[in-house]
Structure formats: structure tokens, C-alpha cells
Amino acid sequence: MNSVPRLYHDLAVWWPLLSSPDDYAAEAEFYRQCIVKASRIPVRAVLELGSGGGNNASHLKAHFALTLVDLSPAMLRVSRLLNPECEHVHGDMREVRLGRVFDAVFVHDAVAYMLSEEDLAKAMETAWVHLRPGGVALFCPDHLAETFRPVTSHGGHDRMLRSLRYLEWTWDPDPGDTTVTTDFAYILRDNSGVRVEYDRHVTGLFPRATWLRLLRERGFAAEVCQFTEPPPDSRVYEDFVAVRPQ
Ligand SMILES: C[S@@+](CC[C@H](N)C(=O)[O-])C[C@H]1O[C@@H](n2cnc3c(N)ncnc32)[C@H](O)[C@@H]1O
């Protein structure tokens, strides 16, 4: 059983200082275009699974009516502050059933928390059952098995008398399984002083062919689209655009 990362639990209030909504403008616009271009129907109602602190949503809500689902009550609280006009629902992307359909389903980096093929297939099934025929599901994993490299990065922000800096180190303790590990060190500063916290995120890693096979087995017409991060990182991500046939 994978334990809940502290970032989505007792440290969730620090999320906007680790990952600022402003930094998501370019990628959110890329995802919007991807969804609109691939869709065979007009896109208005969009379901996001694993919406976290709502950073992508803070940009996408100008274009779509968003329903935001997340497993973490603490992250839903963070997102509600940023996106009060969006509907928020507590749920697990593997099993949540809202009893209605949407024009598109968006699953950003939260899909990384699917650790087995079985869980990944369940998330795809959730997208399928919530999607109108002709609608598109967009999945955006952080890594694929073919292109995975250990990576170290750092960052952080200052806001309203609080500051955070982090060091993030993603590595693969066991190349024989379907997971990788990210260790985080957070330095947190507020009016009570400075402290250091440690966090570990275990996330899924699957080959491109596995993604495409699972999507096609479910009935999606699926293909890969690439997103290149703006400089200085300029990292290339492979996303999966999956259309539910009409
Ligand atoms: C990195 S955050 C997502 C941030 C988001 N992309 C944004 O734009 O702000 C990852 C989120 O995935 C959520 N999550 C992890 N497993 C989940 C599951 N099984 N179902 C729904 N949400 C899940 C976590 O609670 C966390 O809020």
C-alpha cells in the first residue's frame, strides 16, 4: 500500500509555494488546444481527475466549465480557494462515478499515482464512463519507461510572509518494477521560523506501448502528442490523446 505523500496531506497548505499557478499558463494552453483539436464535439464541460491544487484549472476555467476530482481533502481545500467557481468533488480516479458525462476528461500529472497496469486501466475506465461519444480524454504522465532518466531539480516561491524552497530527486530503485521514487526535501519558512521536512512520492512508470494498448483495449482511438516545456527546462513530455469514438 502506497502511503499518501505529505505534500497532499499535512503539508498541503504549502503546495502553492512549491508549485505556483502562474507557472502553468503555457502548458494549460497547450492542453486546451490539444483537447479542442482532438475532440469531435464542442467542448464545454470538462472533468479533471486528480486536480490537486487546481493550478491547471486556474487557467482552463476561463474556457471550460470544470468539475475537479481529487483524492485529498486537503488539496481540494487549496483548490477551492484558488478556483471557487469550479465544482469540487472528493474521489479516487480509479473508482469515482459521478453519474453524468462530460465533453472532455483531463488527467494531468496525478495519473503518475497509478502504480500498476490494473490501476492505470481503472483510471482509463473512469475517463471512458464519464466521456460523451466523440469526446477526448487527455492523460499527461510525467515519465515514460523508454525515456526515463533520473532527474534532480529545485525551486520554490515566496508569498504572504511564507517561503518554500525544495530539492526534488527522482530515481528508480528497482528498474524491474513499474514504479519510480521521488524524494523531496522542503525548507519551509514562516513567522514561526524555518524547518526542514522530508517527503517521498512513489509513482508509476509504464512503456508507451502499454499506455496505447490499455487505451485501445478500452475502445479509445489513442495517439501520442508532445509538449515541450518553455526554456530553461525545455523538457519534452509525451501525452496521450484518447478519443471515445462516436
Ligand atoms: C501533483 S498534484 C496535481 C496538481 C495538478 N496537476 C494541478 O494542476 O494543480 C497530484 C494530485 O493527485 C492526487 N491523487 C493521487 N492519487 C489519486 C487518485 N487515486 N485519485 C484522485 N486523485 C489522486 C493527489 O491527491 C494530488 O492532489
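Q: How many salt bridges does the structure hold?
A: Side chains of opposite charge can pair when their charged atoms come close. This is a predicted model, and the structure holds 17 salt bridges.

Q: Which side chain meets R6 in a salt bridge?
A: The partner is E197. The N to O distance is 2.9 Å.

Q: Which residues are linked with R6 and E197 in a network of salt bridges?
A: D10 and R195 join R6 and E197 in that network.

Q: Which residue forms a salt bridge with D103?
A: R132 does. The closest N and O atoms are 2.8 Å apart.

Q: Why does the pair of D103 and R132 tie together separate parts of the sequence?
A: D103 lies in strand β4 (residues 102-107), while R132 lies in strand β5 (residues 131-139). The pair therefore ties together parts that are 29 residues apart in sequence.

Q: Is D103 buried or exposed?
A: D103 is buried, with a relative accessible area of 8%.

Q: Which residue forms a salt bridge with D183?
A: R200 is the partner, with the closest N and O atoms 2.8 Å apart. D183 is in strand β8 (residues 179-190) and R200 is in strand β9, 17 residues apart. D183 is buried, at 10% relative accessibility. R200 is partly exposed, with a relative accessible area of 38%.

Q: Now the ligand. Which residues come nearest to the ligand?
A: There are 23 residues around the ligand. N55, D70, M93, H108 and D109 come nearest.

Q: How many residues of each class are in the shell around the ligand?
A: Nine are nonpolar, ten are polar and four are charged.

Q: Which residues have a backbone N or O atom by an oxygen atom of the ligand?
A: S51 and N56 are among them. A backbone N or O atom of S51 lies 3.5 Å from an oxygen atom of the ligand. For N56, the distance from a backbone N or O atom to an oxygen atom of the ligand is 2.9 Å.

Q: What lies 2.9 Å from a nitrogen atom of the ligand?
A: An N or O atom in the side chain of D92.

Q: How much of the ligand does the protein bury?
A: Taken alone, the ligand exposes 610 Å². The protein buries 96% of that.

Q: Which residues touch the most other members of the largest nonpolar core?
A: In soluble globular proteins, nonpolar side chains tend to be buried together. Here the largest nonpolar core has 30 residues, and F139 and W211 touch the most other members.

Q: Which elements give two or more residues to this core?
A: The strands are β1 (45-49), β4, β5 and β11 (236-243). The helices are α5 (117-129) and α6 (208-218). α5 gives the most, with five residues.

Q: What joins the side chains of S163 and D158?
A: A polar contact of 2.7 Å. S163 lies in strand β7, residues 162-171. S163 is buried, with a relative accessible area of 9%.

Q: What is the phi of M160?
A: Most residues other than glycine have a negative phi. M160 is not a glycine, yet its phi is positive, near 50°. M160 lies in the loop between β6 (151-159) and β7. M160 is exposed, with a relative accessible area of 76%.

Q: Where is L161 found, and what is its phi?
A: L161 is found in the loop between β6 and β7. L161 has a positive phi of about 70° although it is not a glycine. At 80% relative accessibility, L161 counts as exposed.

Note on methods
Residues numbered from 1 in each chain as written. Heavy atoms only, no water. Salt bridge = Lys/Arg side-chain N within 4 Å of Asp/Glu carboxyl O. Helix = DSSP H or I, 4+ residues; strand = E, 2+ residues; numbered from the N terminus. Buried < 20%, exposed > 50% of the residue type's maximum accessible area, 1.4 Å probe, protein only. Near = heavy atom within 4 Å. Polar contact = N/O pair within 3.5 Å; in protein donor to acceptor, adjacent residues only side chain to side chain. Areas by Shrake-Rupley, 256 points an atom, 1.4 Å probe, with all protein chains shown as cover. Nonpolar A, V, L, I, M, F, W, Y, C, P; charged D, E, K, R; others polar. Core = buried A, V, L, I, M, F, W, Y, C linked by side-chain atoms within 4.5 Å.
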